[in-house]
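Reader: I have the file open and would like to go through it piece by piece. Can we start with one of the helices?

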Amino acid sequence: MSGAIPLKVKSSPKGVTIGGGVKAIGFEILSYLERFLESGESAAIDMRGLPMAPNEYTELLEMLGQGELDLSLEMAGTTRIRETAFSGVWWIQHKGPDDRIQSEYIEINRIPEFLCAQTDQIEDAVRELSDRLRGAL
Amino acid sequence: MSKLKQRKDRPTIGQVMDEAGVGRRQFMKYCAGMTALMAMPPMATTAFAKQLRAARRPSVIYMPFQECTGCLESLTRSFAPSLESLIFDTISLDYNHTLQAAAGHAAEEARLEAMEENWGEYILIVDGSIPTKLNGMYGVSESHTFMEQLEQTAEGAAAIVAVGVCAAYGGVGAAYPNPTGAVGVADLIKNKPVINVPGCPPIPEVMTGTLVSFLANGVPDLDAHLRPRAFFGNTIHDRCYRRRFYDRGLFAKSFDDEGARNGWCLYELGCRGPTTYNACATIKWNGGAGWPVESGHGCIGCSEPGFWDQGGFYEPVTAKLFTERGESIAAAAAGVAVGAAAGLASKARKKKLASETE
């Protein structure tokens with residue numbers, strides 16, 4: 001095949017029964033993933049905007065499985081970024097200090113946008129590092 | 001000139017956040033929550049965060065009129081303090097006579113001062129309907145009717161946000177027979193942008209989301225009833241997790257039958273989801289813990305104009321139409337009978353006249 005190093009999957013999605021609602025979201029993710037591969041255009045699906053019964057939420061989670069990465073960040077509540085068993089498909093959940101979910105979405109991207117440094121941040125960094133180095137001289 | 005300078009000197013939201021020690025990613029996390037609430041694609045978060053950081057800290061004047069304080073309770077006692085407190089820390093709430101310590105002349109002075117300092121730029125939030133009968137004499141404060149106070153404060157506002165169904169459309173106060181002549185803000189103010197955030201009460205996240213949306217992008221896209229489409233673009237029915245049962249014709253017939261226990265559609269029990277535009281099915285209530293339909297009760301349609309006068313809460317939404325049609329059929333039948341009787345009487349009269357002439 002391509003010779004790429006395979007993704008180590010912690011929980012395989014194989015063998016999971018997929019209900020109609022979950023299958024529909026699955027196909028939406030698949031179409032976004034195919035588009036990303038072709039054009040590099042990222043996408044996201046807001047989990048709170050989907051009319052899902054509680055069991056379907058669990059079904060979708062099981063269907064997508066768990067990949068190698070599972071990050072937890074503490075910033076006024078826990079942010080959890082999980083790589084699913086499908087490379088390029090990320091499950092992102094932001095919780096508030098009260099442990100309630102603020103936002104939750106599936107992102108189709110090489111790396112989640114949330115983790116990327118922003119241009120204005122980098123501009124600030126250039127200025128600050130430069131100041132520090134000048135001060136050190 | 002000094003006032004203009006003062007406005008320019010007001011810090012940006014980004015500066016307020018930096019001073020409060022809110023990190024960039026924490027702010028991004030907050031914006032991710034906001035863009036999700038506004039049904040914007042999550043990929044728009046970065047651009048949204050940039051616009052919001054650059055916006056100047058706004059002055060907000062909150063005026064309660066003919067209301068029950070339920071909307072303010074919903075906003076301040078919300079279960080999502082991280083979002084709401086961030087907003088309240090960011091805005092400058094210059095007048096709200098329910099929350100502020102000052103009262104009477106001192107409170108009114110604060111309002112006039114905030115208006116003068118921020119003329120043309122402040123956001124006016126209105127809670128409650130405005131009574132108009134007897135020239136507005138049903139609602140008077142500090143020797144001015146609510147109508148006068150609204151018109152005066154609206155004059156210098158950048159935009160008006162009418163929170164709750166009362167401020168938006170008259171709500172409970174305007175219910176039949178509407179003794180005070182209650183109306184919503186948009187019925188009186190025609191020369192300023194009015195954004196309606198109806199509900200009884202509205203979802204707190206929708207109220208804060210609308211404010212944040214205005215700060216970042218100006219007046220949002222509104223529907224025919226002046227509601228932000230981001231929150232009111234779909235019916236409850238469109239986004240309801242019980243919709244699949246409606247599609248299959250599976251309805252609960254009572255609140256304790258097998259259908260109700262199985263979570264079937266509540267349409268026949270009076271759910272107004274099909275005719276109600278709101279975000280309850282997606283944003284939910286109490287920090288996402290649940291919402292009325294999930295708790296087993298139908299939607300009562302509280303974000304729609306005139307919802308108190310739309311018939312009983314436990315009749316199917318179409319029942320009223322059927323009743324009206326039934327009445328019209330009965331009226332038509334009665335009309336036919338009356339017409340027939342009149343026709344017969346006329347014939348009899350003609351016969352009588354003819355015989356008399358003969």
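Reader: Which residues of helix H2 of chain A are buried?

Author: This is a predicted model, and in it Glu59(A), Leu60(A), Met63(A) and Leu64(A) are buried in H2, which covers residues 54-64 of chain A.

Reader: Why do they line one face of the helix?

Author: Looking down the axis of H2(A), the buried residues fall within an arc of 125°, so they line one face.

Reader: What do the buried residues of H2(A) pack against?

Author: Their partners are helix H1 (20-39) and strand S4 (89-95), both in chain A.

Reader: And which exposed residues are on the face turned away?

Author: Pro54(A), Asn55(A) and Thr58(A) are the exposed residues carried there. Just after the helix comes Gly65(A), with a positive phi of about 65°.

Reader: Which strand does S2(A) pair with, and in what sense?

Author: S2(A) pairs with strand S3 of chain A, residues 78-83, in the antiparallel sense, over five bridges.

Reader: Chain B now. How many helices and strands?

Author: Chain B has 17 helices and nine strands. It runs to 358 residues, of which 41% count as buried.

Reader: What share of its contacts is between residues 24 or more positions apart?

Author: Among contacts in chain B with a separation of 6 or more, such pairs account for 71%.

Reader: How is chain B divided into domains?

Author: Domain 1 spans 2-232, domain 2 spans 243-309 and domain 3 spans 321-358. Taken over C-alpha atoms, the centres of domain 1 and domain 2 of chain B are separated by 29 Å.

Reader: How many residues are in contact between domain 1 and domain 2 of chain B?

Author: On the domain 1 side there are 18, in contact with 15 residues of domain 2. Helices H10 (164-169), H12 (204-217) and H13 (229-232) of chain B each supply at least two residues of the domain 1 side. That side divides into 14 nonpolar, two polar and two charged residues.

Reader: And between the chains, how many residues are in contact?

Author: In chain B 29 residues are in contact with 27 residues of chain A. On the chain B side, helices H3 (24-37), H4 (45-54), H6 (81-90) and H16 (280-283) each supply at least two residues.

Reader: Which of them gives the largest share?

Author: H3(B) does, with eight residues. The chain B side that touches chain A divides into 15 nonpolar, nine polar and five charged residues.

Reader: Last one, Gln15(B). Where is its place?

Author: Gln15(B) sits in helix H2 of chain B, residues 13-19.

Reader: Why does Gln15(B) count as partly exposed?

Author: Because Gln15(B) has 14 C-beta neighbours inside 10 Å, and a residue counts as buried at 20 or more and as exposed at 12 or fewer.

Reader: What separates Gln15(B) from Met34(B)?

Author: They are 19 residues apart along the chain, and their C-alpha atoms are separated by 19 Å.

Notes: Residues numbered from 1 in each chain as written. Chains lettered and ligands numbered in written order. Predicted model: local features only at pLDDT ≥ 70, side-chain atom pairs only at ≥ 80, totals over all residues. Contact = placed C-beta atoms within 7 Å. Helix = DSSP H or I, 4+ residues; strand = E, 2+ residues; numbered from the N terminus. Nonpolar A, V, L, I, M, F, W, Y, C, P; charged D, E, K, R; others polar. Domains from an automatic or database assignment. Arc of directions from axis to C-beta. Pairing = 2+ DSSP bridges.
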